[in-house]
Amino acid sequence: MCGISGVVGLKDISNALFETIRNLEYRGYDSCGVALLNKNSIVVKKNVGGVEEFYRKENVLRHKSSIGIAHTRWATHGRVTRENTHPHQSCDGKFAVVHNGIISNYRALKESLVRLGHRFESETDTEVIPHLLEENHRKLNNVEAAFVKTLCELEGTFAIAFVSTYHPGQIFCAKRESPLMLGIGDEIKFVGSDFNSFIDYTKNAVIIDDGEYAIVSRDSYMVKNYLTREEVAKPITKIEWDAETSKKGGFPHYMLKEIHEQPQTVTNALDVEDAVLDKVVEGIAQSGQGHLVGVGTTYYVAQFGQYMISSLAGQSLFAVSSDEFAALSNVGRDSFVLALSQSGETYDTLTAVKHAKSRGARTAAVVNVMGSSLSRLADNVVLQGSGPEICVISTKAALAQMVILVRIGLKLALRKNAMTAAAFDRSMSVLRDLPGIIQAVLNERSGFIHRIAHEYFKIKHWLYLGRGVYYPIALESALKMKEVAYVHAEGMPGGFLKHGTLAMIDKDIYSIVFIPPREEKALYEATLHSVEEIRARSGFVLGIHFDERGKNKNLFSEELILPNVSPLIAPLLQLVISQLFAYFTATSLKRDIDKPRSLAKSVTVG
Ligand code: F6R
């Protein structure tokens, strides 16, 4: 839930440390801190606020050093205060530690450390680590041995990095279930929560696995297993993302940039090799029961996949929110679990996949971040290739996953003879038109969406309604509105209205209805019934539909008309529209678009 970075180099690294931690700000941004080694002492600067604000206020860049670690926090244990901000230090000031994850036995450890005379300054779980390092070093007189002993005493999850005055040229780090990697440059090395951190400096990375620790210096690095203490030979992973894609490129916000990148990310999803998807299709086809798991946005992506695969291939998969997976799903040896995750680091989804594997189920994952924990855990991996998604709110990655699920549905249909080869080819050519159609809609409709978002930005309650596959689109669209604009938005199947919710319709509740193209006759008419039910109670309806001839003029209070497209891609186009609607509503409300409150990019805690 936090970002950690470290840099050790030849000359002054303070600027590089600033850039690497700023690149991780999407992981958490309520407070920030650094520890720089200066001769034989450690300078720690920390405070509440975002990275740039903290650096400016504390004038951090005036402190020069050739080695340092940094942290950007998303509070889990302890309030957002200066004291709770990382790095945390040992009593003797010889160790400074940053940490991402949760130390679950910290209370017991803290009590025994306090009995030994250690003074604690924060409410965090992390602070036990520097004190344990100090205590173990006192006994063992060796930093590496003290580190290993400390790691074995910690329960819970962690990515840890620390510097110590005992070894002023080295960064020590370790991982258990929280992401950690090294960046390998010439005469400069990096430690980071992900590639984005150091991508401006090097594309050579070493991914640290669970149970490993590393000692990193300017010219070398060494990775060992902390249970066996044996050295592990680690391959260098070449980062394929280019640094420019991580920049805003003229857009005011990453969210808008990433919405506009969707023609490209859909193309990339269409370019994912057939052989990679065929393995997933085979897994589903041969399983007794298939499951789709994800959480937050990716749960809605899973629900979308459930509808699509059911309608295209006639096979029912269960979509389950990852956090409920163990409680709800009976998985066994004949189960197949397809997990969806942009980051590949989400705790709930990793836990669901581990649970499935422990029951003998076969697993696969659609992931955006190569080298992520999920991509290494699942039996088969589909890398969606959407490039870095920096805005905390997921847009392009989710849409690309939906496209991949449509492809899986089509392939499964073909494999099961539920579709002819000719129909499959026609559907694929419809999909291939999608990037161009999204581009045209972005070009031609953005202005109008901006206008209506600005007109209605003060509305406090929205109902988002859809039926069939448009229902998960309504859910995901409502989530975009909630998380970026902090406006109450509730996604619901249209059929639910008459089972209670109609009672809520009045002048204060506004509805957005996702209308299918006319050729989906039954669904189209059922959805229009929902519209009529609301209009009969004088409720406001914004209809997003495909009737270019404008036959519905009197039905909607406001309408957003899209070019008539195939039902295969219609819901995807509507999702793009509602991403923009949420974005423009949030800009009208002057929200912090790329770093909305209470949301972090990779939720690596349970
Ligand atoms: C919504 C959002 C979250 C994530 C969820 C899963 O915009 O960002 O709901 O979708 O935390 O994250 P991943 O896909 O990384 O597993």
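Two residues are said to be in contact when heavy atoms of theirs lie within 4.5 Å. Keep that idea at hand as we walk through this predicted model, in which local features need pLDDT of at least 70, side-chain atom pairs count only at pLDDT 80 or more, and totals for chains, interfaces and linings use all residues. Residues are numbered from 1 along each chain as its sequence is written, and side-chain values use heavy atoms, with hydrogens and water left out.

Let us start with the whole chain. It has 18 helices and 24 strands; these are DSSP runs numbered from the N terminus, with helices being H or I of at least four residues and strands being E of at least two. Along the principal axes, the C-alpha atoms fill a box of roughly 80 × 50 × 45 Å. A compact globule of 606 residues would have a radius of gyration near 25 Å, and the chain agrees, because its own value is 25 Å. That radius is taken over C-alpha atoms, and the globule rule is 2.2 Å times the number of residues to the power 0.38.

Of the 606 residues, 63% count as buried, meaning under 20% relative accessible area with a 1.4 Å probe and protein chains only.

Now to the ligand. There are 13 residues around it, and Ser341, Gln342, Ser343, Thr346 and Glu483 come nearest; a residue is near when one of its heavy atoms lies within 4 Å. Taken alone the ligand exposes 400 Å², and the protein buries 94% of that, with areas from the Shrake-Rupley method and a 1.4 Å probe. Helix 10 (297–313) and helix 16 (470–485) are the elements that give two or more residues to the shell.

Helix 10 also holds Thr298. This residue counts as buried because its relative accessibility is 10%. A polar atom of the Thr298 side chain lies 2.8 Å from the backbone oxygen of Val295. Leaving aside residues up to four places away in sequence, Thr298 touches Leu340, Ser341, Gln342 and Gln401. Ser341 and Gln342 bring us back to the ligand, as both are among the residues that come nearest.

Notes
Buried < 20%, exposed > 50% of the residue type's maximum accessible area, 1.4 Å probe, protein only. Polar contact = N/O pair within 3.5 Å; in protein donor to acceptor, adjacent residues only side chain to side chain.
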